[in-house]
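Hi everyone, and thanks for coming. Please take a moment with the sequence and the structure, and then I'll walk you through what stands out.

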Amino acid sequence: MSPRDPIDTPSVTEADVRRVALLAHLELDDEAVQRAVSDLRQLLTLVAKLDALDLTDVEPTIHPVPLSAPTRHDKVVPTLSRAELLANAPHSAGGLLLAPRAVDGGN
Amino acid sequence: MPVPTVRELLAALERGEISAVEGTIAALDEAERQNPQLNAFITLDRAGALAAAREADHARRHGSAGTLAGVPLAVKDNLLVAGLPATAASKMLADFVAPFDATAVARLRAAGAVLIGKTGCDEFGMGSSNENSAFGPVHNPVVLGRSPGGSSGGSAAAVAAGLCAGAIGTDTGGSVRLPASFTGTVGLKPTYGRISRLGLIAFASSLDQVGAMARTVWDVAKLTEVMAGHDPRDSTSVERPVPELSHAAESGPEALRGLRIGVPRETLGEGIEPAVDAAVRVALDAMAGWGAEVETVSLPHTDYAVAAYTLIATAEASSNLARYDGMRYGHRTGRPGGLAETIARSRAEAFGPEVIRRILLGTYALSAGAYDAYILRAQKARTLIRRDFEEVFARVDLVVMPTSPTTAFPLGARNADPVAMALSDVFTTSCNLAGLPGISVPCGRDPDGAPIGLQMLAPWFAEGALVSAAASWEAIYRAQHTGDP
């Protein structure tokens, strides 16, 4: 991966921000979208510094220590009770979480 | 009256000069007295702290006291302390009560420590000034009107002001070391994997680490020793024996003889505040005077660290913060619609502007068509940064440089400029990207009296050598500045 052609202020548009906000599940009003366009352009200009690097044949570092997937014996161990787990729920009843409808009139 | 250091307090408790209850009351009273000005604490837990203090006194009377029995500590509010709020300084978690202890917290409790409260921070650990908080900014107790640094600003302020003997913070891109530097205290970020991340509210999982903050190297060494060690419930926690760090922290200046110290040419000179540059050079000369072999080295990719860190951290944060949907915990909007609408509205209402900014950048960089151009490049840059350290540590034992190019900046000076704020971490982020241990220790003041921090980095898992060198420097510095707090 050779150095890329340097880019000027990245061309983040309002449409880009609205698309990303949808992916990130963030409802932004028009003012927030405009602010985000400006912020993203500034930050992408900062990170464009990496374009100058010659990354040919460089492997990515995903994690600072080798990752593994340790296993344990399949044994039931005590954990939090249902009451403890639901204690922070915004809406619950009968030991269940309550959430808005996702179908039949939901999004 | 400031709370004594961890070591001083342990000695006084052992001699019976003070009880844990008396020490805890003194700490809580001091915290309550100063908190209106500093805003260091989000929650103070008088009842819980006194109960723990009574247990510590009982254990000491019966010869079963733990190694930190009766020592009042503060915990950053992105770490879970069972039964106490864990807000992460966010409206999203303003009403969240921790159902269990973080592993690091549980180990401190098991050692008999008294947890007096939860300290303020930048929201979800995102910031370098402790101004990004739903609970208001934290103030630097050493220099009025200045930031204490972030994101562990509350812990740093509490330690510097003597409201507790020590505190726990977290460090993703410098968030223990930078506030330590700005407040004239000591902050240690261990090697990635040394301290369990279970119960640490995640920001960037490949970068986050718990770190100790206190007024002396011995104190942070002791706290780190207690918290460190493998946790089977954190798959990123490493299985390596924990060295006796408090013993390593007994080193005097003579331990510097023959120590090979590398000073990166990229971290001194142009772009560094003159007082910071001067103080660090004085420190290096002093260490050379005690026999350290100081040489100039190069970390050629220093200039790319903030860019790589910004992309990696925001990408990981966008993923970690996806869990806050207002369904199982956290803020749910009072104006619900369908499911997707409710989630999007809840998140937008409850996250602060810096958090939203970072989620958007991370999501953008991860999105289809952008991943290779941003995230993959950043991960490859991370490899180059790691290789820089591998090459340098083949020649030297320790890397020494300023913790920050500046001293504490005024509150409000940078929070409108996300790029300027990001660049506060220019000397701290490489350490997180590589996974190295790093410590900040005081090394002077600027003409306004603002503290200057000296940063030391050691090879992976060499915390013993790190605290030994830091203690040696501390002994030299204290001999020169006996009047400093």
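Let's begin with charge pairs: a search of the whole structure finds 29 salt bridges over all chains. A salt bridge here is a side-chain nitrogen of Lys or Arg within 4 Å of a carboxyl oxygen of Asp or Glu. One of them pairs R357(B) with D39(A), whose closest N and O atoms are 2.8 Å apart. R357(B) sits in helix α12 of chain B and D39(A) in helix α2 (residues 30–47) of chain A, so this pair joins two chains. Helices (H or I, at least four residues) and strands (E, at least two) are DSSP runs, numbered from the N terminus.

A quick word on what you're seeing: this is a predicted model, where local features need pLDDT of at least 70, side-chain atom pairs count only at pLDDT 80 or more, and totals for chains, interfaces and linings use all residues. Residues are numbered from 1 along each chain as its sequence is written, chains are lettered from A and ligands numbered from 1 in the order in which they are written, and side-chain values use heavy atoms, with hydrogens and water left out.

Now, how do the two chains meet? Across the interface of chain B and chain A the rule finds three salt bridges. K49(A) and D303(B) form a salt bridge through their side chains, at 3.2 Å from N to O. On the side of chain B that touches chain A, the elements giving two or more residues are α10 (305–320), α11 (339–350), α12 (353–366), α13 (371–393) and α14 (418–422) of chain B. Which of these gives the largest share? That is α13(B), with 14 residues. By contact (heavy atoms within 4.5 Å), 67 residues of chain B meet 53 residues of chain A. The area buried between the chains is about 5300 Å², and carbon and sulfur atoms give 68% of it. In chain B, L360(B), Y364(B) and R377(B) lose the most area to chain A, together 15% of what that side buries. Buried area is the accessible area (1.4 Å probe) that two parts lose on being put together, summed over both.

On a 1 Å grid over the protein atoms alone, a cavity is a set of points where a 1.4 Å probe fits but cannot get out, while a pocket is an open set with protein on both sides within 12 Å along at least five of seven lines; lining residues have an atom within 4 Å of a point. Grid points are joined across faces, edges and corners, and a volume is the space filled by probe spheres set on the points.

The largest pocket has a volume of about 1200 Å³. Its lining has 41 residues, with F100(B), L198(B), G199(B), R233(B) and D234(B) nearest the centre.

As for cavities, the count comes to five of 30 Å³ or more. The largest cavity has a volume of about 180 Å³. Of the 15 residues that line the largest cavity, T310(B), E354(B), R358(B), P418(B) and A422(B) lie nearest its centre. Helix α10(B) gives the largest share of that lining, five residues.

Finally, two backbone details. Most residues other than glycine have a negative phi, and most peptide bonds are trans. N39(B), though, has a positive phi, near 55 degrees, and lies in the loop between α2 (20–38) and β1 (41–44) of chain B. A cis peptide bond joins G150(B) and S151(B), with omega about 10 degrees.
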